[in-house]
Amino acid sequence: MGTPSDQAVLQAIFNPNTPFGDVLGVDLGEGAEQDEDEDAVFPQAQLERCKALELQGVMAAEAGDLSTALESFGQAIGLLPERASAYNNRAQARRLQGDVAGALEDLERAVALSGGRGRAARQGFVQRGLLARLQGRDDDARRDFERAARLGSPFARRQLVLLNPYAALCNRMLADMMGQLRGPHNGR
């Protein structure tokens, strides 16, 4: 069956119309204290407004209203253009809309703004890795998942296992062997 976040990635990869939290939810609760450090550089009032806009956007996206979601994330970005979080959120809304190029653009920005550190970077790497997998760019996906795993994402670590060609080969060989072992008895 797999864990909820394994199912989330399978949904994210095979069904782009899943709820908005399909990827963002996988590492909630990790590094919340880090998150506050990242945000400490922004003026409090603008930060509160920005977070409210993002929450509004996430709720709109979960309700299937992607244009309102994109508008909210756009406003959040306009308010604090140096904060990575809203770019991650907008990237996911764009991906759900089928705008992969726009999503990748936002993820590049989120990763750059985060300096490759903290929760925003971790989410950016995970999302970018998923998009790379979708596009069959496994080497790029592996690189992003490795970076997210180093930042503490268990989700990214599981993806690395799935992307390991030796593990895939061993699983296939094992399945073949099991099939052969079962084979001769089926006909009797």
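This is a predicted model: local features need pLDDT of at least 70, side-chain atom pairs count only at pLDDT 80 or more; totals for chains, interfaces and linings use all residues.
Q: What does the secondary structure come to?
A: 11 helices and 0 strands. Helices (H or I, at least four residues) and strands (E, at least two) are DSSP runs, numbered from the N terminus.

Q: What percentage of the residues count as buried?
A: 44% of the 188 residues in the protein chain. Buried means under 20% relative accessible area, exposed over 50%, partly exposed in between (1.4 Å probe, protein chains only).

Q: And what share of the contacts comes from residues 24 or more positions apart?
A: 58% of the contacts with a separation of 6 or more. Contact means heavy atoms within 4.5 Å.

Q: Let's take H4. How does its span compare with what it should be?
A: It agrees. H4 covers residues 44-62, and its 19 residues should span 27 Å at 1.5 Å a residue; the end C-alpha atoms are 27 Å apart. The expected span is 1.5 Å times one less than the number of residues.

Q: Which residues of H4 are buried?
A: Leu47, Cys50, Leu53, Glu54, Gly57, Val58, Ala60 and Ala61. Down the axis of H4, these buried residues fall within an arc of 160 degrees, so they line one face of the helix. The arc is that of the directions from the helix axis to the C-beta atoms.

Q: What is exposed on the other side of H4?
A: Gln44, Ala45, Leu55 and Met59.

Q: Glu54 is in that buried set. Which side chain makes a polar contact with the glutamate 54 side chain?
A: That of arginine 83, at 2.3 Å. A polar contact is a pair of N or O atoms within 3.5 Å; within protein, one must be able to donate a hydrogen and the other to accept it, and residues adjacent in sequence count only if both atoms are side-chain atoms.

Q: Where does arginine 83 lie, and is it buried or exposed?
A: In the loop between H5 (66-79) and H6 (85-97). Arginine 83 is buried, with a relative accessible area of 5%. Residues up to four places away in sequence aside, arginine 83 touches Asp39, Phe42, Leu47, Cys50, Lys51, Glu54 and Leu113.

Q: Moving to H5. What do its buried residues pack against?
A: H4 and H6. The buried residues of H5 are Leu66, Ala69, Leu70, Ser72, Phe73, Ala76 and Ile77. They cover an arc of only 160 degrees around the axis, which puts them on the same side of H5. Glu71 and Gly78 are exposed on the face turned away.

Q: Which residues touch the most other members in the largest nonpolar core?
A: Phe125, Val126, Leu130, Ala141, Phe145, Ala148 and Ala156, out of 13 residues. H8 (118-134), H9 (138-150) and H10 (154-163) each supply at least two residues. H8 gives the most, with 5. A nonpolar core is a set of buried Ala, Val, Leu, Ile, Met, Phe, Trp, Tyr and Cys residues joined through side-chain atoms within 4.5 Å.

Terms used:
Residues are numbered from 1 along each chain as its sequence is written. Side-chain values use heavy atoms; hydrogens and water are left out.
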